[in-house]
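Student: I would like to learn how to read a few features of a protein model. Could we go through them slowly, one after another?

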Amino acid sequence: MTTRVWDYLAEYETERADLLDAVETVFNSGQLVLGASLRGFESEFAAYHGVGHCVGLDNGTNAIKLGLQALGVGPGDEVITVSNTAAPTVVAIDGTGATPVFVDVREDDFLMDTGQVEAAITERTKCLLPVHLYGQCVDMAPLKALAAKHGLSILEDCAQAHGARQNGTIAGTTGDAAAFSFYPTKVLGAYGDGGAAITSDENVAAKLRRLRYYGMEERYYTVETPAHNSRLDEVQAEILRRKLRRLDAYTAGRRAVAQRYVDALGDTDLKLPKTVPGNEHVYYVYVVRHPRRDEILERLKAYDIHLNISYPWPVHTMTGFAHLGYEKGSLPVTEKLAGEIFSLPMYPALSPDLQDKVVHAVREVLSTL
């Protein structure tokens, strides 16, 4: 049996009846777009985070893009973020017409080095976009201070941090708004694409609702500012409503998997994830490090274990962003990590037996390097 970093089939088998009932609920509702399921999910997701508003969107990329636009980001502006992230973070910035500006990450936890942010601020800087990477939060206190000092907004990229907390504060509630992805692999994943933005600012929420609906209010009437169709599908919204009730259980399952890795691999020379003090990690992915990463991954294929790298190509090195002018070596920690990091299987339904198979293979490979 091929082992990969993620598999939804075990979860589906357990939750099948509820998920199919979600589909039936929508099909029997008489409204397939912007209906009761979406309104219910938005209300419940906002309540889970203790904020005033949630706007369901079609994917996480548009959650970032529309979130930025709702905060007033547009052509000529700059948004400070990191290059050690999924490309959609930066694609979304580019989609607003703004320019992404990168700072490096910290080597021990892979998160934005907030100590570099102020030096990157210019008169064109409009927004700070911290990425709560791999399941834990960027240090938000210094970013809040910088935003207040320089008159900037903060949009949190929470695509990988559903339910994560920092000093008791849930991810997505420190900044002015936050963007979420519900891609199937996420901690809270749909059965297809999906996304959302949350905020406690009524004006930002109103802009988000218009931006997801051609620039109109939520009925076909008149365009105020031209935009696209970016609505969250009713079926996915109802599925997410059901799964939201299990989010804390999913997180507990992920933490149990993470602890088994610590117990089984803590004595090897594999560098395991570090949780920042004050953070409550939700382990969207379980990212480890080794200087001979590529050799390890190749040898694991002999055990029919195929693992991912998150991420092998820093965004600033990609051809599509060459125009930004970042030269090799400009973000040394990010570039070093790109050659060493890889992900072990991580999802709540990962069985101890399958995890033991992975651990055994990893230990075997490490012993022969």
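Tutor: Let us begin with a term: a residue is called buried under 20% relative accessible area, exposed over 50%, and partly exposed in between, with a 1.4 Å probe and protein chains only. This is a predicted model, in which local features need pLDDT of at least 70 and side-chain atom pairs count only at pLDDT 80 or more, while totals for chains, interfaces and linings use all residues. Residues are numbered from 1 along each chain as its sequence is written, and side-chain values use heavy atoms, with hydrogens and water left out.

Student: Is Phe110 buried or exposed?

Tutor: Phe110 is buried, with a relative accessible area of 7%. Helices (H or I, at least four residues) and strands (E, at least two) are DSSP runs, numbered from the N terminus, and Phe110 sits in the loop between β3 (99-103) and α5 (117-120).

Student: What should I look for in the backbone?

Tutor: Most residues other than glycine have a negative phi, and most peptide bonds are trans. Phe110, although not a glycine, has a positive phi of about 70 degrees. Tyr134, not a glycine either, has a positive phi of about 65 degrees, and Tyr134 counts as buried at 3% relative accessibility. The peptide bond from Ser310 to Tyr311 is cis, with omega near 20 degrees.

Student: How do I read the sides of a helix?

Tutor: An α-helix has 3.6 residues a turn, so residues three or four places apart point the same way. In α9 (residues 247-265), the buried residues are Leu247, Tyr250, Thr251, Gly253, Arg254, Val257, Ala258, Tyr261 and Leu265. They cover an arc of only 160 degrees around the axis, which puts them on the same side of α9, the arc being that of the directions from the helix axis to the C-beta atoms. The face turned away from the buried side of α9 carries the exposed residues Ala249 and Asp263.

Student: And how is the packing of two helices described?

Tutor: Two packed helices are described by the angle between their axes and the distance between the axes. Axes are lines fitted to C-alpha atoms, for helices over the stretch in contact, and angles run from 0 to 180 degrees between N-to-C directions; contact means heavy atoms within 4.5 Å.

Student: At what angle do α2 and α8 pack?

Tutor: Helix α2 (residues 36-49) and helix α8 (residues 234-244) pack at about 35 degrees, with their axes 8 Å apart. Among the residues making this contact are Phe41 and Phe45 of α2 and Leu240 and Leu244 of α8.

Conventions: Expected span 1.5 Å × (residues − 1).
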